[in-house]
Amino acid sequence: TGIIGEDKKRNFIETMRAFKTLMGIYQVQDYKACATSAMRDAGNGPEITELIFKETGIKIEIITGQQEASILYETHIAEKFNTQLASLYVDVGGGSTELTLFAQKQIIAKESFNIGTIRHLNQKIDSTEWSALSDFITTHVNPLQPIHLIGSGGNINKIFSMSNTKSGKPLKIKILKDYLKQLSALSINERIHQFQLKEDRAVVVVPALDIYLKIIQWSGANEIYVPKIGLADGLIKMLYAEIKE
């Protein structure tokens, strides 16, 4: 419908009210609250953030896809790898995928695409988005080969933990392909019981794997590092820097 429904809106407000209570209990002095793809696309997104601020005092910023990509870069995970090689951050969410290309100690290119697990699940990804993603990799990433791929987000973290890959070691593309094949053949309930997945993860893990595999294959890589970082880690780094100043 293009908007956040009334039930979800009320749940959202009550969730923020709970966070406000927790922040009071833990005597939190500073915070950052950001909304991403779903609120970006929702026609009533700004209205909801205003209502949340009025009812809870929590100020939520609806960030752009470009801002989201920049925040992920703030984790500075790429600096832990061989600085002679370029690194591509890949963050796959429910509504969007952010790519940030890092080389020579700076951001070379970044972009957000309306390609996410929920959109993929509901067949709501426009073919032009896939083309734009492929073009980004062809134009910016492929000329910098070889390259490190760094994955973030709940789905790739879950697959990493399921694979028993040692911390600090990359997740091989063969493992991702095997999991995609296995999970695709199972129902939601079977995924939950056989792989001990939560229901929401069991629903979106297959489209997430498909998106990651497309990006890995288009980039010519055969593995992806999963350092268990995400948007929250970048926000914490930014908040710390602001307070320090």
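**Close-up views of a predicted model**

View 1. H140 lies in helix α6, in a model that is predicted rather than determined by experiment. With a relative accessible area of 32%, H140 is partly exposed, and once its neighbours within four places in sequence are set aside, it is in contact with L101 and A109. S112 lies 28 residues from H140 along the chain, and the C-alpha atoms of the two residues are separated by 14 Å.

**View 2. The protein chain as a whole, as context for the close-ups.** The chain contains 11 helices and eight strands. Its radius of gyration is 19 Å, close to the 18 Å that the globule rule gives for 245 residues, and the chain is therefore as compact as a globular protein of that length. Taken along the principal axes, the box filled by the C-alpha atoms is roughly 50 × 50 × 35 Å.

View 3. Helix α4, which spans residues 65-73, is mostly covered, with seven of its nine residues buried. The buried residues of α4 are G65, E68, A69, S70, I71, L72 and Y73. What covers them includes the helices α2 (37-41) and α11 (231-244), together with the strands β3 (86-92), β4 (97-103), β5 (106-113) and β6 (147-152).

**View 4. The packing of α4 against α11.** The two helices pack at an angle of about 75°, with their axes 7 Å apart, which means that α4 is roughly perpendicular to α11. On the α4 side the contact is made by E68, I71 and L72, which meet L231, G234, L235 and M238 in α11. Sorted by class, this contact has five nonpolar, one polar and one charged residues. The three α4 residues that take part, E68, I71 and L72, are also listed among the buried residues of that helix.

**View 5. The packing of α8 against α10.** Helix α8 (residues 173-184) and helix α10 (residues 199-219) pack at an angle of about 150°, and their axes are 10 Å apart. Because angles over 145 degrees count as roughly antiparallel, α8 is described as roughly antiparallel to α10. The crossing in which α8 passes α10 is left-handed. From α8, the residues I173, L176, K177, Y179, L180, L183 and S184 meet V205, V206, L209, D210, L213, I216 and Q217 of α10. By class, the contact of α8 with α10 has 10 nonpolar, two polar and two charged residues. Residues three or four places apart point the same way, because an α-helix has 3.6 residues a turn.

**View 6. Residue I188 in helix α9.** I188 lies in helix α9, which covers residues 188-195, and at 30% relative accessibility it counts as partly exposed. Not counting residues up to four places away in sequence, I188 touches A202 and V203. I216, one of the α10 residues that meet α8, is 28 residues from I188 in sequence and 25 Å from it in space, C-alpha to C-alpha.

**View 7. Residue K9 in helix α1.** K9 is placed in helix α1, residues 6-25, and is buried, with a relative accessible area of 9%. Leaving out residues up to four places away in sequence, the residues that K9 touches are I4, E47, I48 and L51.

**View 8. The loop between α5 and α6.** Both Q123 and D126 are found in the loop between α5 and α6. Q123 has a phi near 55°, a positive value in a residue other than glycine, and is exposed, with a relative accessible area of 75%. D126 is partly exposed, with a relative accessible area of 44%, and its C-alpha atom is separated by 23 Å from that of N44, a residue 82 residues apart from D126 along the chain.

**View 9. Backbone features in two further loops.** The peptide bond from Q145 to P146 is cis, with omega near -5°, and P146 has its place in the loop between α6 and β6. N164 lies in the loop between α7 (154-163) and β7 (171-172), where its phi is near 60°, a positive value in a residue other than glycine. With a relative accessible area of 67%, N164 is exposed.

Terms used:
Residues numbered from 1 in each chain as written. Predicted model: local features only at pLDDT ≥ 70, side-chain atom pairs only at ≥ 80, totals over all residues. Heavy atoms only, no water. Axes fitted to C-alpha atoms, helices over the stretch in contact; angles between N-to-C directions. Helix = DSSP H or I, 4+ residues; strand = E, 2+ residues; numbered from the N terminus. Parallel < 35°, antiparallel > 145°, perpendicular 65-115°, else oblique. Left-handed = near helix turned anticlockwise from the far one by under 90°. Contact = heavy atoms within 4.5 Å. Nonpolar A, V, L, I, M, F, W, Y, C, P; charged D, E, K, R; others polar. Rg over C-alpha atoms; globule rule 2.2 N^0.38 Å. Buried < 20%, exposed > 50% of the residue type's maximum accessible area, 1.4 Å probe, protein only.
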